[in-house]
Amino acid sequence: TSERDDFYGGDTNMDSTATAPGPNLWNYVTIEGTAIDAQCVFRNNVFRNASYGVRCINSAPTIDSCIVINNGTGIRVEGASNPLVRGCTIFGNQSFGIDNVGGSFCVSAEGCWWGAASGPNDASATADLCGLGSNAGLGDVVSNNVDYLPFAATGIINPLLGDVSLNGRVLAFDASLILQYLVSAASLNPLQLLVADVSGAAGVSALDASLILQYAAGIIPSFPANTNKSGRAPELAAALTRAEGDFELRLGALRREGEAWLLPVEATGTAPLFGVELTLTGLPGTFDRVQLDASAAHAEHATDRELRLALASAEGVRPGEIALLRFVGGGESPGAPRLVAARINEREVLTPAVPATPARTAFAKPAPNPASGPTRLALAIAHEADGLDADVRVLDVSGRTVRMLSQGALAPGLHDWAWDLRDAEGRRVAPGMYLVRARTRTLDATHRLIVVR
């Protein structure tokens with residue numbers, strides 16, 4: 001394409017919008033007769049703003065699934081050339097989409113889109129080598145000796161990298177579509193997935209959404225996937241370098257606030273967090289909302305069993321408490337939620353694990369102890385029979401129940417609770433010693449817990 005074309009490669013000539021792209025701004029890509037035809041294959045390429053996008057001179061290259069638009073002539077066929085053109089988007093070319101001036105062969109150009117559902121404009125009524133007459137299509141003009149049947153009724157108008165909405169522009173909305181896709185709140189077709197991977201690595205991620213936000217804000221001029229590493233502009237290389245680092249993601253202590261439960265999401269890392277994705281299960285109630293850093297865009301999707309959250313920031317979120325999740329309902333003693341998947345800046349920071357059945361039923365000591373805030377209680381159930389009549393509660397020193405945490409059947413596995421140091425009426429308990437007790441068919445265990453201010 002031309003250096004005036006800021007869609008691909010960014011503002012190469014650094015003149016903002018002072019010069020506009022158009023046809024005939026550079027010459028052509030030529031395939032000479034000395035070329036080895038079988039090794040000349042163009043696939044998924046874009047040819048824009050040239051005199052001829054592709055010029056064949058006594059050669060027979062393959063031009064497959066390419067975009068040939070806004071040139072003087074899209075493909076020019078000279079001499080004894082016989083290129084194979086298939087599945088291409090050919091439209092907006094000034095003179096011809098394909099011009100077979102050599103006329104030695106019938107050029108096969110089947111399955112192409114010519115800019116209109118009615119096909120190409122073949123105005124000649126003269127039968128040619130392809131046995132075709134005329135076609136009054138509204139698409140690009142074709143010369144004689146071009147076999148355009150069958151033609152496609154739709155095509156790719158502008159596969160602009162980062163243009164997830166396929167509207168011809170890269171906007172912050174495109175970042176939003178990526179975030180919605182990552183949490184399963186929206187679907188993307190194969191073309192959208194192709195242009196969404198602006199980093200060129202790890203598929204579609206929240207980091208791609210961050211890069212689109214950076215592009216929309218003018219922080220970067222283009223995307224890393226637009227150029228190879230040897231030719232990447234310093235600012236594009238820096239965009240990825242800034243995101244490199246080692247990260248950890250974990251859930252903080254669940255705490256009560258009125259009728260709601262609050263769950264912090266905490267991250268550590270050696271670099272800013274440009275894109276974060278996480279999946280939680282075992283929710284402590286119905287998801288209500290999330291509080292984030294003001295610079296972050298996000299999308300979430302919650303069911304009664306799972307919450308997916310994706311966030312992206314053009315500036316990068318500092319490690320620390322990156323989100324505060326709010327849940328309503330869930331009762332007085334909800335189960336502790338678990339992170340089952342997480343990714344930061346396209347780096348996996350949590351590999352989902354298959355929970356193992358404990359070797360024996362056991363009740364862990366509360367932690368922290370002494371406690372001035374929520375403390376964690378964990379019960380391992382080894383056998384289904386053990387969990388049939390499981391009972392976990394908090395008692396005062398006289399043996400009276402202060403808070404029932406769980407009563408009834410529990411499946412084999414690890415179960416944990418975060419006691420917020422409140423009684424059954426929601427009042428904070430007084431400082432002092434309390435007993436936490438777990439009973440199953442094979443276990444009766446009690447631990448002391450000291451509550452402090």
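Residues are numbered from 1 along each chain as its sequence is written. Because the model is predicted, local features need pLDDT of at least 70 and side-chain atom pairs count only at pLDDT 80 or more, while totals for chains, interfaces and linings use all residues; side-chain values use heavy atoms, with hydrogens and water left out.

**Strands in parallel**

A word on naming: helices (H or I, at least four residues) and strands (E, at least two) are DSSP runs, numbered from the N terminus. Let's start with strand S4, residues 52-57. Five of its six residues are buried, where buried means under 20% relative accessible area, exposed over 50% and partly exposed in between (1.4 Å probe, protein chains only). S4 pairs with strand S1 (residues 29-31) in parallel, through three bridges; two strands pair if DSSP finds at least two bridges between them. Here Ile-31 sits opposite Cys-56 of S4. S4 also pairs in the parallel sense with strand S7 (residues 73-78), this time over five bridges, and Val-54 faces Ile-75 in S7.

Contact here means heavy atoms within 4.5 Å. Axes are lines fitted to C-alpha atoms, for helices over the stretch in contact, and angles run from 0 to 180 degrees between N-to-C directions.

How do the two helices sit together? The axes of H1 and H3 come within 8 Å and cross at roughly 170 degrees. That makes H1 roughly antiparallel to H3, since angles under 35 degrees count as roughly parallel, over 145 as roughly antiparallel, 65 to 115 as roughly perpendicular and the rest as oblique. Among the residues making the contact are Ile-178 and Leu-179 of H1, along with Ile-212 and Leu-213 of H3.

**Salt bridges**

Side chains of opposite charge can pair when their charged atoms come close. A search of the whole structure turns up 21 salt bridges, each being a side-chain nitrogen of Lys or Arg within 4 Å of a carboxyl oxygen of Asp or Glu. Here are three of them, with the N to O distance for each.

| Pair | Distance |
|---|---|
| Asp-5 and Arg-48 | 2.7 Å |
| Arg-250 and Glu-266 | 2.8 Å |
| Arg-326 and Asp-288 | 2.6 Å |

Take the pair of Asp-5 and Arg-48. Asp-5 lies in the segment before S1 and Arg-48 in strand S3 (residues 46-48), 43 residues apart, so the pair links distant parts of the chain. Asp-5 is buried at 2% relative accessibility, and Arg-48 is buried too, at 5%.

Next, Arg-250 pairs with Glu-266; Arg-250 belongs to strand S15 (residues 247-251) and Glu-266 to strand S17 (residues 260-269), 16 residues apart. As for Arg-326 and Asp-288, they come from strand S22 (residues 320-328) and strand S19 (residues 286-292) respectively, 38 residues apart. Asp-288 is partly exposed, with a relative accessible area of 33%. Salt bridges also link Arg-55, Arg-76, Glu-78 and Asp-99 in a network.

**Asp-396 and the strands around it**

Asp-396 is in the loop between strand S27 (390-395) and strand S28 (401-408). Is this residue buried or exposed? Asp-396 is buried, at 14% relative accessible area. Its side chain makes a polar contact of 2.7 Å with that of Ser-398 (a pair of N or O atoms within 3.5 Å; within protein, one must be able to donate a hydrogen and the other to accept it, and residues adjacent in sequence count only if both atoms are side-chain atoms). Leaving aside neighbours within four places in sequence, Asp-396 touches Val-402, Tyr-434 and Leu-435.

S27 itself runs antiparallel to strand S30 (residues 432-439), with five bridges between them, and Arg-393 has Arg-437 as its bridge partner in S30. S30 is joined in turn to strand S31 (residues 444-451) by eight antiparallel bridges. A hairpin of four residues connects S30 to S31, and Ala-438 stands opposite Ala-445 in S31.
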